[in-house]
Amino acid sequence: MSKLCLGFEVHQPYRLDPAFNPQNGKAKGLESLYFSPQNKEILERVADKCYIPATQIILDSLDNGFKCAFSLSGTVVEQLEKWRPDALELFRQVARHRNAELLSQTYYHSVASLFSDLEEFELQVKLHKRAMKSIFGVTPKVMENTEFIFNNAIAKSASQMGFTAVYTEGVERVLGWRSPNYVYSCNGVKLLMRNYRLSDDVAFRFNNRDWDQYPLTADKFASWVASSPGDYVNVFVDYETFGEHHWADTGIMDFLKWLPVECENRGVEFLMPSEAAEIEPKEELSIEETISWADAEKDASAWLGNTIQYTALKAIQRAKAYAYNKKIWRYLQTSDHFYYMASKFGACAEVHSYFSPGACQPYDSFATYMKILAHYERTYASKTKRKAAAMELRALEPAEAFHFFTPTAYTGFTAYGLDDLSDLLNYVPKDSVEHHMARGDFSRWIEDVLGDKELAEAVAACKSRLELVEVIEKKREELWKSLK
């Protein structure tokens, strides 16, 4: 008998407000100041088009042998509590059913697993686990990291946190000749690997009239699952696939309604993830590179594929020193913010553009992010014991940043703070560094923007790039040490 393990990702971020204006800070709290008023409108629309009708269909099917799993981010649960408790109640009913399972993930659906260490990642997974117990009365046994981001270190962390299994993508370059339709193991934890071809047939190709398998019907899909070799088939999709990404008039809701019936007709049995995790592992895998379910590359490039994304990731990690309000700091870690900054091409670019609010361009999303992060750090710098050091190390918005030029052109490098300047001086083109030293640009920026006259004078006296790097690096280390 064929087996199908069906999972749904349920997530909505707190999108940033592209019209952010720090002058409104006195009239609003920081959350209202930073996050878009459209979040409520979007959540209510998705609840009406997807969460309520799709969940009702699933509830009607669970009593008849249908099984599935849901992974709800903490941010979507918060929004449901505030704006659509009726939809939240349906998810509670699902959570109470014997044939449904809730998964664990990072509470803020964040990029914390891409940080230099996994401390923040583990804390957010534990926060999410407690929230699932508090709100839904269940303790998840299986987890999926944000967007299926995974590697050996994450596997070890999941095992140490007591999870029996972790979801990730069935990436060919990892699996080689192997099939994703088996359970594997990695660093002490079972691996449930998504069959992305069958998953994407539903998530992306369902309404594609140019697809040679259009239209996709429940009976056709059930027959594909039934004929798939292996121990089971793992299909995992965004829940918003049903009614939001594909509207009801495409037939997507009928597909969801009839899939359990057609699977039963073809002898396909449904499994919950914890049941799939009881299957004996086929093989031990080592996954040194970071993989995910995102884009054609299926790596971390959806969030770390260009320089502005790297800049933002480094900045949010450093912002921990300013995180008196850790909730906002963690909202700013949500993966969607970094996803909007991606500069991809072709079909991948179309997907990023679809999800980006107002189809914002990557740099526009980055500029909004850095403006808000700079305001956040400036706001809380006054609460540190060393205000002057905190202000000097803070992230800067684009208008304050140092842009590296050669005598004839912009190099593409920009420092959004003293940390960035110290790092970039090691590999910015030689003629650019010499150009700015000759003009006195470094010392002027350090004094005017960072407010450090003493460092500015020391930089002005530097005669070589090496000396400049040593002076700035020494000052950076002194400042960070004083904040600890």
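Reply: A residue is called buried under 20% relative accessible area, exposed over 50% and partly exposed in between (1.4 Å probe, protein chains only). The model is predicted, so local features need pLDDT of at least 70 and side-chain atom pairs pLDDT 80 or more, while totals for chains, interfaces and linings use all residues. Numbering runs from 1 along each chain as its sequence is written, and side-chain values use heavy atoms, without hydrogens or water.

The structure holds 30 salt bridges, each a side-chain nitrogen of Lys or Arg within 4 Å of a carboxyl oxygen of Asp or Glu. One of them joins Arg 266 to Glu 262, whose closest N and O atoms are 2.7 Å apart; Arg 266 counts as partly exposed because its relative accessibility is 33%, whereas Glu 262, at 18%, is buried.

Another salt bridge ties Arg 476 to Asp 419, with 3.1 Å between the closest N and O atoms. This pair links distant parts of the chain, since Arg 476 belongs to helix α23 and Asp 419 to helix α19 (residues 418–424), 57 residues apart; helices here are DSSP runs (H or I, at least four residues), numbered from the N terminus. Both Arg 476 and Asp 419 are buried.

In helix α20 (residues 430–439), Lys 430 and Glu 434 lie four residues apart, about one turn of the helix, and their side chains meet in a salt bridge at 3.9 Å, N to O. Lys 430 is exposed because its relative accessible area is 58%, while Glu 434, at 43%, counts as partly exposed. Elsewhere, salt bridges with shared partners connect Lys 314, Arg 318, Asp 419, Asp 420, Asp 423, Glu 473 and Arg 476 into one network.

Conventions. Helix = DSSP H or I, 4+ residues; strand = E, 2+ residues; numbered from the N terminus.
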